[in-house]
Amino acid sequence: MTHQRIAIVGGGFSGISLLDHLVSNSEYDESLEIDIYDKRSMMGNGHAYQEDSMHLLLNIPTPDMAFGDKAPNFESWLQSNGYATDTYTSRSLFGRYLRSRLDHICASYKNIEVRYAMIEDLQYDSSTRCFALYSEGQKKVYTHVFLTVGQLEYSDPYNLKGITNYIFDPYPVTDNLPRSGEKAIGILGCGLSAIDCIRYLLLETDTQEVHAFSRSGEMPSVRGTYSEITLQFFTSERLHKLVHNDEISLLELKALFVRELAHQGVDWRLFFRRTGNTRQDLQYDLEHPEAVGKLQYLISAANPLFSDIFQYLSHSDKSEFLSKYHPLIEENHSPMPAPVAEGLVEWMDSGKLRIIENINNIDASDGFDVSTADGWQFNMDIIINATGPSVKVQKDDGGVIGSILEHFLASPDEFGGLLVDQNHHIISARTGTVREMFVLGALTYGSNYLSQSVHLLNRSAEKIVKQFYAQTK
Ligand SMILES: Cc1cc2nc3c(=O)[nH]c(=O)nc-3n(C[C@H](O)[C@H](O)[C@H](O)COP(=O)(O)OP(=O)(O)OC[C@H]3O[C@@H](n4cnc5c(N)ncnc54)[C@H](O)[C@@H]3O)c2cc1C
């Protein structure tokens, strides 16, 4: 292999998973020079698994959280490091495990350089097919770039960023959230990040009451009982037979999925079980773990196939899928652990947690006046933004994303993230497909459907690395 210089931009799960596959591949040799970039607090763990409150839990049971298939797995690492192997462990512990895997990889291969710095600018020279990366006043040239910068900036639906007592990014909650319970605290959002904030405030601070505001008030579903699913109809083979002229019809995709649901004995009406009453919906899931679990594990089993086939949907089918079916799948895709749901129900019953839906405005002229469409108003001293990251890239995005859009090295995908081809190569409006630059993680939102869980990221990392070696042979 000719001498290749690789930059991995982002040291979260995606970045270190790529690194692991690069060095584990049979084609690997030490003529590769690999630099991995990130700030010190994120290197190895990324946002999701950074050091934070131990009450922020993984939403996947401990035995199923993995980083590749080499020993030690997460569970045995926990045991040998003296941690309890609870069904749901804290995300920070998974972060520590990932950092130990990164240390192990770096100690085993001398051609890997861990660079504790953020890339500020990234340019491409199509005549040399090389990239110039700029960081802390230094320029370095690479033959390949793996862009794994993770989630985009948080969305800010009420344009409150910069206002005193508006907490734009809640993580790490131990640093960013208030510890004193004297103030009226409102949380924007009802998703997994909101649940993190609620748990931290009510379990670790003297906060007595929390309001969670959102448009729908809906929370993720509750993880049901594990169900072993072997897909019979919604299989890769059958799906690929449905692809004609590089397209698959949503109607046929749906028919296959409905057939699978029937074959597995999953009642499709479970998709419509939500009543709009958050407490009642959580209780329903807690009381029907078998049925709900079967639906969730069927979605999990079909997820990699959905993710692969998503790029074959036509524009109108993709739009229809995202508006009509995605919300139903998403609700059941990343469920919260049952003990977390039980805690939320208890806090709702005791009045510590109030879920307020239908909010339509926040006036920040005197504290935060949160109004609902049905005329209610709530005055809060502090608002915590837990609406989650944005999926759309914009030219004014800070950092490396703004820079590659500015240089026309990348183009926004109207369905979210950046335009990439089926091999995760970036597509530039200026030079076409850039085969030396790969993207993995949240930035492929528009082309890889729901592919952010550790299993799917690891699977995509393996595919990207195979493609890289095939290209550089
Ligand atoms: C709160 C939360 C909880 C989650 N829980 C689970 C779970 O329990 N199970 C599960 O399977 N999945 C979970 N996920 C999904 C999660 O997104 C993935 O598992 C995974 O962590 C994503 O990794 P990533 O490397 O793509 O992104 P990130 O973890 O966001 O890492 C990207 C890294 O890139 C760095 N970076 C950004 N810009 C630059 C730059 N210019 N230069 C250098 N570095 C840069 C960032 O600092 C960051 O460390 C969770 C996600 C979140 C947000």
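This is a predicted model: local features need pLDDT of at least 70, side-chain atom pairs count only at pLDDT 80 or more; totals for chains, interfaces and linings use all residues.

**Entry 1: helix α5.** Ser193, Ala194, Ile195, Asp196, Cys197, Ile198, Arg199, Tyr200, Leu201 and Leu202 are buried. I took buried to mean under 20% relative accessible area. That makes 10 of the 13 residues of α5 buried, so the helix is largely enclosed by the rest of the structure.

I then checked the length of α5, residues 192-204. At 1.5 Å a residue, its 13 residues should span 18 Å. The end C-alpha atoms lie 18 Å apart, which agrees.

**Entry 2: cavities.** How many cavities of 30 Å³ or more are there? I found a count of 2. The largest cavity has a volume of about 60 Å³. Its lining consists of Ser307, Asp308, His424, Asn448, Ser451, Leu456, Arg459, Ser460 and Lys463. Two elements, α9 (289-309) and α13 (454-472), each give two or more residues to that lining. The largest share, 4 residues, comes from α13. I sorted the lining by class and got 1 nonpolar, 5 polar and 3 charged residues.

**Entry 3: the second cavity.** Which residues line the second largest cavity? I noted Met219, Pro220, Arg274, Thr278, Asp281, Leu282 and Asp285. The space inside the second largest cavity is about 30 Å³. By class, its lining divides into 3 nonpolar, 1 polar and 3 charged residues.

Conventions
Residues are numbered from 1 along each chain as its sequence is written. Side-chain values use heavy atoms; hydrogens and water are left out. The expected span of a helix is 1.5 Å times one less than its number of residues. Buried means under 20% relative accessible area, exposed over 50%, partly exposed in between (1.4 Å probe, protein chains only). On a 1 Å grid over the protein atoms alone, a cavity is a set of points where a 1.4 Å probe fits but cannot get out, and a pocket is an open set with protein on both sides within 12 Å along at least five of seven lines; lining residues have an atom within 4 Å of a point. Grid points are joined across faces, edges and corners, and a volume is the space filled by probe spheres set on the points. Ala, Val, Leu, Ile, Met, Phe, Trp, Tyr, Cys and Pro count as nonpolar, Asp, Glu, Lys and Arg as charged, and the others, Gly among them, as polar.
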